[in-house]
Amino acid sequence: MSGHETKTVMVTGGSGFIGSAFCRHCVSDLGWRVVNLDALTYAAADGTMKQIEGHPRYHFVKGDIADRVLVADLFLRHSPAAIVNFAAESHVDRSIDGPLAFINTNVVGTASLLEATREFLGGRDAGFRSAFRFHHVSTDEVYGSLALDENAFVETTAYQPSSPYSASKAASDHLVRAWWHTFGLPVTITNCSNNYGPFHFPEKLIPLVIIKALRGEPLPVYGTGRNVRDWLFVEDHARAIAMVLQNGETGETYNVGGNEERSNLEVVEAICDLVDQRVPLSNGKRRRDLITFVADRPGHDLRYAIDNTKICDQLGWRPSTRFESGLAKTVDWYLDNEWWWQPLLEKRYQGQRLGV
Ligand code: NAD
Ligand code: TYD
């Protein structure tokens, strides 16, 4: 897919946390046209698309990636130059409570999208087919857990997923590669580390802790808090995907990560200090006193870390936001955008209150 003309990109799951950042980047920075297909599950919060809703190059369609008739119709109507698949169930704790939704969307949904794409390309000429891209957005969690002193994940690290979420993402990656090897579908894959930033759903660690800290509530840290994640500001991830779409090699995988490993306790303490600086507690106490160690997540992976050498060397991508400044920006965003997250705290999804 060349980067010089107005291209139409079909994005799935574009109303979620990372997909929405990608849609904003495509429409506002790159001048691309976006068709966003999203089922609007609990994870697609109202207001997330506010910045580009109504934009002439943004088109929204509510629907499921597994709906073959709908996807075939969208392909024919919009003739996109690429499809970028973000649509997924994405929260590890939910995958422990109810794994089958993860198999349905992440595995069966991805397979269905691959078949719909294959059918669409079957009716196109060789030039269109070779310029087309099916980009699959995946996670570093497919590689399993690292010891604290082990080397970071590279693209050839063997898959060893441990949660129902990461197993379903691993399965989807295998399907995408199989469609490349078997049918010649022009695919690329990115495996990215933990993202953070604006519009992050408040069941995930960073937004959950920011909101609870603002409200002066206990801050739950699983186990001992020594688990390590490699954090990347969401807009850096969006740029990486756009670069892979434009210049990545078909059949290739690119690991994406910010080189910003932090233990969960370090992350939570940093949030406490940022919130204290901005909104001191009236009783003079520090937010760090709210940290509460709670029961560990079953099968909790100790550490994820990404070696991003390949995408940096081959495509010239670099993470542009360091963790400390990105975290401060994120805290400020949650302080300024209570209208976005406050309604989510009362919502229920499949009978359950959300994590906050
Ligand atoms: P999210 O949960 O915020 O958003 C997922 C979106 O997909 C939602 O808008 C939801 O409505 C939509 N969706 C769910 N099922 C669908 C279906 N069947 N059909 C159409 N739409 C559907 O997720 P996110 O954090 O933005 O993650 C996006 C992708 O990036 C996922 O594939 C995830 O595995 C991957 N990823 C996430 C992270 C992270 O840190 N959050 C890191 C690396 C990779
Ligand atoms: P999370 O944001 O759920 O992302 P992932 O599980 O995909 O890495 O969790 C990040 C880390 O924070 C993970 O090690 C689990 C931990 N965690 C807590 O300690 N407390 C919490 O309330 C949550 C949601 C997560």
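Me: What should I know about numbering and about the model before I start?
Reply: Residues are numbered from 1 along each chain as its sequence is written, and chains are lettered from A and ligands numbered from 1 in the order in which they are written. The model is predicted, local features need pLDDT of at least 70, side-chain atom pairs count only at pLDDT 80 or more, and totals for chains, interfaces and linings use all residues, while side-chain values use heavy atoms, with hydrogens and water left out.

Me: How is strand pairing read, and what is the strand order of the open sheet?
Reply: Two strands pair if DSSP finds at least two bridges between them. Strands (E, at least two residues) and helices (H or I, at least four) are DSSP runs, numbered from the N terminus. Here an open sheet of seven strands has the order β3-β2-β1-β4-β5-β6-β11, with parallel pairing. The edge strands are β3 (58-62) and β11 (253-256); each has a single partner strand, so one side of each is left without a neighbour in the sheet. On average, neighbouring strands of this sheet are turned by 20 degrees against each other, direction ignored.

Me: How many bridges join β1 to β2, and which residue stands opposite V9?
Reply: β1 and β2 run parallel and are joined by five bridges. V9 has V34 of β2 opposite it. Further along the sheet, β4 (residues 82-85) and β5 (residues 133-139) pair in the parallel sense over four bridges, and there N85 has H136 of β5 as its bridge partner.

Me: Is β2 mostly covered or uncovered?
Reply: Burial is judged by relative accessible area: buried means under 20%, exposed over 50%, and partly exposed in between, with a 1.4 Å probe and protein chains only. In β2, five of its six residues are buried, so the strand is mostly covered.

Me: Which residues of β8 are on its covered face, and which on the uncovered one?
Reply: In β8 (residues 219-222), L219 and V221 form the covered face, and P220 and Y222 the uncovered one. β8 runs parallel to β13 (residues 291-294), joined to this strand by four bridges. L219 stands opposite I291 in β13.

Me: How is the packing of two helices described, and at what angle do α2 and α4 cross?
Reply: Two packed helices are described by the angle between their axes and the distance between the axes. Axes are lines fitted to C-alpha atoms, for helices over the stretch in contact, and angles run from 0 to 180 degrees between N-to-C directions. Angles under 35 degrees count as roughly parallel, over 145 as roughly antiparallel, 65 to 115 as roughly perpendicular and the rest as oblique. The axes of α2 (residues 68-78) and α4 (residues 100-122) come within 10 Å and cross at roughly 40 degrees. The two helices are therefore oblique to each other.

Me: Which residues make the contact between α2 and α4?
Reply: Contact means heavy atoms within 4.5 Å. R68, V71, A72 and F75 of α2 meet S112, L113, E115, A116, T117, E119 and F120 of α4. By class, this contact has six nonpolar, two polar and three charged residues. Ala, Val, Leu, Ile, Met, Phe, Trp, Tyr, Cys and Pro count as nonpolar, Asp, Glu, Lys and Arg as charged, and the others, Gly among them, as polar.

Me: What does the α7 and α9 pair look like?
Reply: The axes of α7 (residues 205-214) and α9 (residues 264-278) come within 10 Å and cross at roughly 40 degrees. α7 and α9 are therefore oblique to each other. On the α7 side the contact is made by L205, I206, V209, I210, A213 and L214, and on the α9 side by N264, V267, V268, I271 and V275. These residues divide into 10 nonpolar, one polar and no charged.

Me: Where is S79, and where is P80?
Reply: S79 is found in the loop between α2 and β4, and the place of P80 is in the loop between α2 and β4 as well. S79 has a positive phi of about 40 degrees although it is not a glycine. S79 is partly exposed, with a relative accessible area of 27%, whereas P80 is buried at 1% relative accessibility. Not counting residues up to four places away in sequence, P80 touches T8, V9, M10, F75, F120, F128 and F132.

Me: Where does N259 lie, and what is its phi?
Reply: N259 lies in the loop between β11 and β12 (261-263). Its phi is positive, about 55 degrees, although N259 is not a glycine. At 48% relative accessibility, N259 counts as partly exposed.
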